[in-house]
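Hello,

Here is the structure I said I would pass on.

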Amino acid sequence: MIAADDLEIMVEDGEYLCLLGPTGAGKTTALRIIAGLTRPDSGQVFLDVRDVTDLEPEERSAVLLSQTYSLFPTMTVAENVMFGPEIRKVPEDIRKRTLVELLDLVRLTKRADAYPRELSGGMQQRSALARALATNPDVLLLDEPLRALDARLRIDLRYELRSMAKALGLTVIHVTHDQEEALVMADRIAVIRNGRIIQIGTPREVFDSPATPFVANFVGQSNFFTGSVLCSGNDRTTTVHDEDGRVVFARPCALPADSKVVVAVKIGNTRVVKKSDAFLTGTVERALFEGRIVHLDVDVPGLGRYSVKLPATRRDQVAVGDEIGLNWSVRKASVFPYPEGGLERELRVD
Amino acid sequence: MPEVELRGIGKRFGKVVASRNIDLKIADGEYLTILGPSGCGKTTLIRMIAGIIEPSEGSVLIGGRDMKGVPIEERDIGYVFQNIALFPHLNALGNVSYGPIVKDMDVRDIEEVPRRYLELVKLLDRMNMFPGELSGGEQQKVSLARALASGAKLLLLDEPLSALDARVRMDLRYELRRITKDLGLTVIHVTHDQEEAMTVSDRIVLMRNGQIVEANTPEQLYLAPKHLFTANFVGETNLLEGTVREILEDRTLVELRDGTVVEARPSSFRRGDAVILSIRPERVHPASQGMRAVVRSITFMGTYIRITVDTDSEDRVNFDVSTSEDRDYNIGDRVDLIWSKRSGTLYPRPPEGVQEAIKLE
């Protein structure tokens with residue numbers, strides 16, 4: 001079985017990189033190879049310019065914070081944090097100073113003498129972070145650091161974790177399956193699937209200019225339209241039509257006329273419009289209030305379900321059963337060659 | 001038929017009170033979500049309804065019948081756990097057939113019913129696969145089909161999506177709601193995820209420290225939360241500290257720490273009351289004149305941009321602008337912010353402090 005295949009990533013000093021992908025994509029394997037916990041079958045790992053491929057984990061200046069935190073249950077927070085420096089025989093005065101600073105950083109000064117089981121999930125996570133930082137690493141490897149926490153807490157901790165890493169000038173590689181987490185936290189996102197990286201870029205690049213239909217649908221959900229190119233070319237809006245004569249528009253692409261393609265547009269960039277301005281029309285099947293937005297499922301006859309995120313301020317304008325028009329800004333729609341193996345297979349998220 | 005009623009139920013584990021004095025009615029066909037942070041007592045509550053835990057006080061009624069002493073297998077409920085609990089040695093079809101066989105349904109139903117529910121969760125083509133060969137999302141769909149095939153009209157879902165990837169979870173939420181509504185089931189769903197609760201529910205019960213904070217439709221809970229804790233937990237919000245300056249017929253004027261006066265909904269507060277103003281990020285807009293602030297961070301959120309500012313009143317505020325906005329924001333920029341007076345909600349300033357009042361764990 002190949003867990004990670006021919007991965008090439010260059011992470012800059014001080015960069016926060018998210019490795020994003022579904023379960024089983026090879027994210028954790030990649031992280032363990034960097035940490036030195038798993039030997040790669042081929043290839044090399046460099047930290048700075050030093051080849052560390054054959055070095056033991058403790059000889060690398062990278063530390064891995066695992067999903068389950070793995071704090072020592074019989075040690076207090078302070079003892080957990082000091083475990084690494086003690087093993088390394090760091091002088092006592094420096095150890096003490098490090099402890100004070102780290103506990104302050106993760107806001108656990110008052111809980112220094114507590115045992116892990118006495119702490120909430122968020123506090124355990126922060127203790128584990130302090131313990132990882134106590135070894136004074138240059139590179140912090142985070143394996144789903146927020147997965148075990150409540151959803152609402154996770155939202156707050158995203159900002160906290162990122163600003164801590166930035167304040168310390170750390171280089172971070174953060175593995176996650178949560179696209180929203182990656183968008184909010186990363187300087188750059190590497191999307192990984194089946195052991196391969198399919199795209200690396202800033203959150204905006206990955207979201208607005210996905211490399212494949214999979215990325216378009218994994219990083220923010222997309223609506224898809226399958227058809228063939230009617231006209232295209234440099235700086236020209238791409239026109240795509242299907243056999244039933246429907247026509248939609250998308251950003252310029254290099255695919256020649258008659259190519260079989262899929263057009264992808266984020267559900268958040270799909271708009272409800274008058275029928276005269278519409279690319280497609282359909283009937284509202286469901287309207288689910290989600291707070292800042294209302295999620296609409298629209299049945300487009302012959303094409304199936306399209307989804308729309310309508311700003312909640314407009315919720316009174318659309319009701320279940322209404323016939324509505326859909327369109328999108330041409331710049332927000334990407335065109336891809338129709339995937340080999342079919343669209344459904346291409347889009348599978350697990 | 002299976003309406004559920006909880007009358008003053010509570011549960012103590014030794015000295016620890018997991019939940020207390022809970023009264024709740026769930027209507028036939030209703031999709032109710034019990035939402036709250038870890039340790040709020042929501043899991044204890046659903047286990048008492050299921051009959052896995054016996055309440056220390058009060059009673060559970062299902063379909064009008066007191067469930068005291070009735071074991072889980074006689075309560076006629078379907079139960080789906082967070083940690084997928086399929087029989088590993090049975091394939092998908094075998095797992096889903098378990099209920100009909102145990103229930104001694106007639107031969108034709110044992111043949112037909114499991115297939116019907118596998119079809120419903122769109123896994124008929126994978127019915128011969130074993131749990132180990134299915135993805136997490138597929139396994140959880142089989143769990144759901146198994147719970148449904150037993151014929152139960154009351155479905156209890158205990159964090160059914162928590163173990164799954166974020167993206168899979170998103171798709172399954174809609175599926176869960178679609179399937180249960182199509183079948184007309186009564187559903188009680190426990191989750192810590194407020195987004196999930198908003199999407200699937202007819203009504204949300206928000207819990208904290210073993211008690212119900214408030215219960216309402218997703219829309220009312222988001223648009224008009226009665227408590228500060230709710231305003232923060234269900235969706236994100238900005239909380240500004242201030243003092244009531246004046247009550248007018250159509251709005252309340254609130255003075256912030258630096259003397260800036262801002263608007264909120266009409267209220268029954270009195271002049272001089274210490275209050276917290278809650279305003280959602282999507283309701284705050286830049287303007288030429290308003291609450292003064294400095295941009296601290298700018299985050300791309302996909303279909304919108306989240307801007308975080310520090311105000312002159314020393315509050316931290318998030319607001320959202322469209323990605324197609326003409327104006328370019330930079331860290332350090334000065335901005336002025338406004339909102340409609342109808343969007344701001346006021347709460348009494350909690351004596352224990354705001355942070356304590358909204359604490360998540």
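The centres of domain 1 of chain B and domain 2 of chain B, taken over C-alpha atoms, are 38 Å apart. Please keep in mind that this is a predicted model. Domain 1 of chain B covers residues 4-228, and domain 2 of chain B covers 236-355. Eight residues from domain 1 of chain B and nine residues from domain 2 of chain B make the contact.

How much area do domain 1 of chain B and domain 2 of chain B bury between them? The value is about 670 Å², with 52% of it on carbon and sulfur atoms. There are zero salt bridges between domain 1 of chain B and domain 2 of chain B, while four residue pairs are in polar contact there (both at pLDDT 80 or more). On the side of domain 1 of chain B that touches domain 2 of chain B, helix 7 of chain B gives the largest share, three residues. By class, that side of domain 1 has six nonpolar, one polar and one charged residues.

Next, the interface between the two chains. Here 50 residues of chain B are in contact with 47 residues of chain A. Chain B and chain A bury about 4,000 Å² between them, and 51% of that is on carbon and sulfur atoms. On the chain B side, the residues that lose the most area to chain A are B:Arg167, B:Tyr174 and B:Phe300, together 18% of what that side buries.

One to look up on the display joins B:Glu219 and A:Arg315, where the closest N and O atoms are 2.6 Å apart. I also have 14 residue pairs in polar contact between chain B and chain A (both at pLDDT 80 or more).

Which elements of chain B supply at least two residues each to the side that touches chain A? They are helix 4 (136-149), helix 5 (166-183), helix 6 (194-200), helix 7 (218-223), helix 8 (228-233), strand 16 (291-300) and strand 17 (304-311). Helix 5 of chain B provides the largest share of that side, with 10 residues. By class, the side of chain B that touches chain A has 17 nonpolar, 15 polar and 18 charged residues.

While you are at helix 5 of chain B, have a look at B:Thr180, which lies in that helix. B:Thr180 counts as buried because its relative accessibility is 1%, under the 20% cut-off. A polar atom of the B:Thr180 side chain lies 2.8 Å from the backbone oxygen of B:Leu176. Leaving aside residues up to four places away in sequence, B:Thr180 touches B:Tyr31, B:Leu155, B:Leu185 and B:Val187.

Finally, some notes on chain A. Chain A has nine helices and 18 strands, and its C-alpha trace spans about 75 × 45 × 35 Å along the principal axes. Of the 350 residues of chain A, 53% count as buried. Among contacts in chain A between residues at least 6 apart in sequence, 64% join residues at least 24 apart.

Best wishes

Key
Residues are numbered from 1 along each chain as its sequence is written. Chains are lettered from A and ligands numbered from 1 in the order in which they are written. This is a predicted model: local features need pLDDT of at least 70, side-chain atom pairs count only at pLDDT 80 or more; totals for chains, interfaces and linings use all residues. Side-chain values use heavy atoms; hydrogens and water are left out. Contact means heavy atoms within 4.5 Å. Buried area is the accessible area (1.4 Å probe) that two parts lose on being put together, summed over both. A salt bridge is a side-chain nitrogen of Lys or Arg within 4 Å of a carboxyl oxygen of Asp or Glu. A polar contact is a pair of N or O atoms within 3.5 Å; within protein, one must be able to donate a hydrogen and the other to accept it, and residues adjacent in sequence count only if both atoms are side-chain atoms. Helices (H or I, at least four residues) and strands (E, at least two) are DSSP runs, numbered from the N terminus. Ala, Val, Leu, Ile, Met, Phe, Trp, Tyr, Cys and Pro count as nonpolar, Asp, Glu, Lys and Arg as charged, and the others, Gly among them, as polar. Domain bounds come from an automatic or database domain assignment. Buried means under 20% relative accessible area, exposed over 50%, partly exposed in between (1.4 Å probe, protein chains only).
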